[in-house]
Amino acid sequence: MSVEPKKRVLVIGAGFSGFLVARDLHKDFDVLVVDAKEYFEYTPGILRAYVKPSHFDALTFTVQEVIERKLHSKFLWGEVMTLNGVEKTATVKPIFSKEQETINFDYCVICAGCNFNPMHKWGALWLASFFVRVLRVLHCLLAHAGQSLWFATIHEAARPEGDWPHIDERFIEGRRRHILEENAFIAGLNAKSANVLVVGAGFIGVEWVTELQYFFPNLRLTIIDFLNKCLGPLPDTAASYCDGYMRRKGIKCVYGVKYNPKDPEFWPTIGMEGEPDHTYVCIGVKASNYFMEEHGAECLSDKGPGGGKWIHVNKKLQVVTKDRKVWAGGSIFAVGDCNQTFADEIKPIPKISYPGEEQATHVCKSIKFLEGKTGCCGMFMKPREAINSWWPWGAGMFATSLGPHDACFVMAAQSEPRTGLLTLWGWASAIQKEIIESSKVDECKGGRMGQLIWHWVHHTPCHCWGEGCSRNCCTSCTWPDWCCDWECCRCC
């Protein structure tokens with residue numbers, strides 16, 4: 001009796017969402033994960049590595065052994081150059097090859113992240129999805145001289161035009177070298193008690209300026225924002241707590257001003273006599289879906305943060321064209337930072353790791369439904385169609401570090417700004433964030449403790465807030481809004 005070959009799933013990006021897809025689908029499908037760098041990086045914690053380089057080892061690991069031995073999938077270290085939805089193929093340039101290879105697939109899940117710093121041609125790619133809601137200032141970028149420290153520069157064409165072309169951050173040791181160089185640069189600023197300006201008081205700006213203050217106390221720090229307070233989308237209680245912390249630590253906070261370094265009159269408005277010794281710009285994002293431009297340009301947005309070119313998706317997270325026609329027969333999905341939903345279907349979702357993984361969970365269920373791989377002992381079989389996604393509850397949780405010994409945690413935020421509750425702060429929240437970081441890295445490494453924790457987080461049986469399935473997933477569901485993820489429910 002012949003065994004039917006498994007369907008092939010191509011995953012673009014080995015970040016949080018890419019690992020989840022491989023973990024959830026490897027039993028029933030042949031999964032191939034492609035990434036342009038050789039390592040996983042817990043990006044939400046990378047700021048600490050720049051001020052404390054020894055922390056880098058706690059955030060990273062090379063991915064091939066983990067993906068192939070623990071997730072039982074295949075890993076290809078290379079850059080996806082094109083994606084053809086009609087032929088269901090992708091061209092990939094492996095890291096050690098001059099020639100491109102063609103990969104065939106039955107399904108594709110794009111977890112390719114986004115770029116930061118729209119002022120630079122290439123920005124700086126980030127695959128792991130974290131804190132981005134530009135129009136509401138839900139994300140900020142840590143930019144340095146036109147690129148971003150926040151994530152490695154990994155596009156082959158971008159490296160020669162970048163600001164550190166002597167470093168190849170596709171290699172883990174190249175990334176480490178970049179961190180060490182920046183740390184030495186900051187130490188030099190600290191030695192001369194330099195004036196440092198941080199532009200943008202969103203999540204990353206606040207975290208970065210407080211890390212600098214703790215580890216380099218001689219720096220004279222100023223943070224500015226065009227909004228009238230820091231952490232614009234968060235509730236006033238969280239913004240006030242973080243503002244109070246920064247002021248107590250001697251950080252000058254100036255709000256309600258637009259960054260205009262070319263205007264000589266700008267500097268006095270923020271309390272400076274002239275230009276600072278160094279500036280970190282923490283605003284702006286840019287799409288990084290370059291592989292879609294040749295065969296899938298009709299699926300890229302004309303508008304949006306950084307000039308558009310985000311991948312359009314429908315409620316099922318399937319890639320669609322500008323006029324909402326399903327592309328590639330519905331076999332290609334996009335999750336996390338790289339996608340853009342239509343506001344009348346799913347409200348804009350903050351591009352942090354948590355909802356990106358929630359979207360990946362929805363896509364995995366859709367692929368299983370389409371192939372009839374669901375049900376319990378032959379029961380509760382679902383129709384062969386993709387499920388609708390929704391604004392997930394995890395999109396309303398935000399942990400903001402204030403140096404190594406303080407933080408604040410907001411939960412139950414909705415799609416409207418200034419919502420949510422400040423539920424934890426101080427040393428307890430700092431410990432909480434350390435636990436999240438260590439357990440999440442352990443999960444991605446294939447550790448049992450991390451998987452035990454985070455599997456149930458992303459496959460939780462009920463949601464206590466957010467916009468659940470009866471509102472967004474299907475019209476026939478009778479479950480209440482807070483209950484939207486039972487495995488036996490049609491919606492999931």
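Residues are numbered from 1 along each chain as its sequence is written, and side-chain values use heavy atoms, with hydrogens and water left out. As the model is predicted, local features need a pLDDT of at least 70 and side-chain atom pairs count only at pLDDT 80 or more, while totals for chains, interfaces and linings use all residues.

Of its 5 residues, 4 are buried, so β22 is largely enclosed by the rest of the structure. Buried here stands for under 20% relative accessible area, exposed for over 50%, and partly exposed for anything in between, with a 1.4 Å probe and protein chains only. On one side, β22 pairs with strand β21 (residues 398-401) in the antiparallel sense over 4 bridges; two strands count as paired if DSSP finds at least two bridges between them. In that pairing, A399 sits across from F409 of β22. The two strands make a hairpin with 5 residues between them, and G403 in the turn has a positive phi of about 80°. Strand β22 also pairs with β23 (residues 421-425), again antiparallel and over 4 bridges, and there M411 has L421 as its bridge partner.

Next come the charged contacts. The structure holds 24 salt bridges, each one a side-chain nitrogen of Lys or Arg within 4 Å of a carboxyl oxygen of Asp or Glu. One of them joins D106 to R8, with 3.3 Å between the closest N and O atoms. D106 lies in the loop between β7 (101-104) and β8 (107-110), whereas R8 belongs to strand β1 (residues 8-12), so the pair ties together parts that are 98 residues apart in sequence. D106 is buried at a relative accessible area of 18%, while R8 is partly exposed at 37%.

The side chains of R48 and E211 form another salt bridge, at 2.8 Å from N to O. R48 is in helix α2 (residues 46-51) and E211 in helix α5 (residues 203-215), so this contact ties together parts 163 residues apart in sequence. Both R48 and E211 are buried.

K322 and D302 also meet through their side chains in a salt bridge, with an N to O distance of 3.8 Å. This pair links distant parts of the chain, 20 residues apart: K322 is in the loop between β18 (311-313) and β19 (332-334), and D302 is in the loop between β17 (285-286) and β18. K322 is partly exposed, with a relative accessible area of 35%, and D302 is exposed, at 59%. Elsewhere, R23, E357, K440 and E443 are linked in a network of salt bridges. R23 is also one of the buried residues of helix α1; that helix (residues 16-25) is mostly covered, with 10 of its 10 residues buried.

What about empty space inside? Rolling a probe the size of a water molecule over the atoms shows where empty space is left. A cavity is a set of points, on a 1 Å grid over the protein atoms alone, where a 1.4 Å probe fits but cannot get out, and its lining residues have an atom within 4 Å of a point. Grid points are joined across faces, edges and corners, and the volume is the space filled by probe spheres set on the points. By this rule there are 5 cavities of 30 Å³ or more. The largest cavity holds about 160 Å³ of space. Its lining has 18 residues, and R48, E211, S401, K433 and E437 are the closest to its centre. Helices α2, α5 and α9 (427-445) each supply at least two residues of this lining, and the largest share, 4 residues, comes from α9.

Finally, the surface. M449, L452, I453 and W456 form a nonpolar patch there, with about 450 Å² of accessible area together. Patches are made of residues with over 30% relative accessible area and no salt bridge, where like charges are joined within 9 Å and nonpolar side chains (Val, Leu, Ile, Met, Phe, Trp, Tyr) within 5 Å. The areas come from the Shrake-Rupley method with a 1.4 Å probe, and for residues only the protein chains shown count as cover. W456 is in helix α10 (residues 448-458) and is exposed, with a relative accessible area of 53%.

Methods:
On a 1 Å grid over the protein atoms alone, a cavity is a set of points where a 1.4 Å probe fits but cannot get out, and a pocket is an open set with protein on both sides within 12 Å along at least five of seven lines; lining residues have an atom within 4 Å of a point.
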